[in-house]
Amino acid sequence: MRNFFVLLLLFFFPFVVLSQVRITGRVIGQTDTRPVADASVFISNATIGDKTGTDGKFTLTGVKPGKYELVISIVGFDKYTQVINVEHADINLLDITLFPRTIGLSGVVVKPKKDPERNRNYEWFKEEFLGKSDIARDCKILNPELLDMSYDGQTGVLTASSADFLIIENKALGYRLKYLLQDFRLNNYDENNRSFSYSGSVFFEPLHGTAQEESQWQQKRQEVYANSPLHFLRAALNNRIAEEGFRVLRYAITMNPDRPSDRLINEKI
């Protein structure tokens, strides 16, 4: 879905006021069991995150009840993910072990500083990953050099991933995103029938601007949310479909009254 990335920006849009929970823990390395400092710890698809201290400890505050994916990432270690069910009591995750990342070395390919293939691949990547909407045009990847892209000319498949967080500014909605791209795949063999998929973890940081800018961002977020599948699903779950401005129509298949009988059709055949 081309605009899914834009709609994802509003996944955590405020809806109801719930009690808030604190999540704590400590991150250690598997090799020496020593604390891992400066690791990014965050709730995927949300604005809740922290960095581990020199003692490896972290604290996430303001977590509302629900089911979340906890993500821990730092260069040199494999990404850690854990599904957490948050209810109404604080959670202490104790020690979380990170495993050193195994890096496979492939053959070295010497390319010119300005690689036309990379520029082409990057344009393809942006077109599918960010989309073509007006909001997408206000999105900018600040560190595209972290993208590792590869294109197979025989199959027409472009793959991409990032060693660290891609920093993406969305000035239309007032967010800075940190996106850890695990896998991106674009099948470009037939330009008229493209298909793509991607997976990763994302952390949101609200941008700070003037009072006028923040008011415009809030208004724009509301506009996008009001037309999103998420808004409809929340309205359906809370039995507020009509109140939220939606109409649900029954889909039915009926017989064509002008269709000849099977006997006549078979005779003609």
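Which residues are buried in α4? The close-ups below answer that and then look around the rest of this predicted model. Residues are numbered from 1 along each chain as its sequence is written, and side-chain values use heavy atoms, with hydrogens and water left out. Because the model is predicted, local features need pLDDT of at least 70 and side-chain atom pairs count only at pLDDT 80 or more, while totals for chains, interfaces and linings use all residues.

**View 1. The whole chain.** The chain holds six helices and 13 strands; these are DSSP runs numbered from the N terminus, with helices being H or I of at least four residues and strands E of at least two. Of its 269 residues, 34% are buried (under 20% relative accessible area, with exposed meaning over 50% and partly exposed in between, using a 1.4 Å probe and protein chains only).

**View 2. Helix α4 and its buried side.** Here are the residues from the opening question: Trp217, Arg221, Val224 and Tyr225 are buried in α4. Looking down the axis of α4, they fall within an arc of 95°, so they line one face of the helix (the arc is that of the directions from the helix axis to the C-beta atoms). Turned away from that buried side is a face with the exposed residues Ala211 and Gln212.

**View 3. The span of α4, end to end.** With 16 residues at 1.5 Å a residue, α4 should span 22 Å (that is, 1.5 Å times one less than its number of residues). The end C-alpha atoms of α4 are 23 Å apart, which agrees.

**View 4. Helix α5 against α4.** In α5 (residues 229-237), the buried residues are His231, Arg234 and Ala235. Down the axis of α5 they sit within an arc of 100°, so they line one face of the helix. What do they pack against? It's α4 (211-226), where contact means heavy atoms within 4.5 Å. Just after α5, look for Asn239, which takes a positive phi of about 55°.

**View 5. A four-stranded open sheet.** The strands run in the order β3-β2-β5-β6, with antiparallel pairing (two strands pair if DSSP finds at least two bridges between them). At the edges stand β3 (49-51) and β6 (80-86), each with a single partner strand, so one side of each has no neighbour in the sheet.

**View 6. Where β5 meets β6.** Strand β5 (residues 66-73) pairs with β6 in the antiparallel sense over seven bridges.
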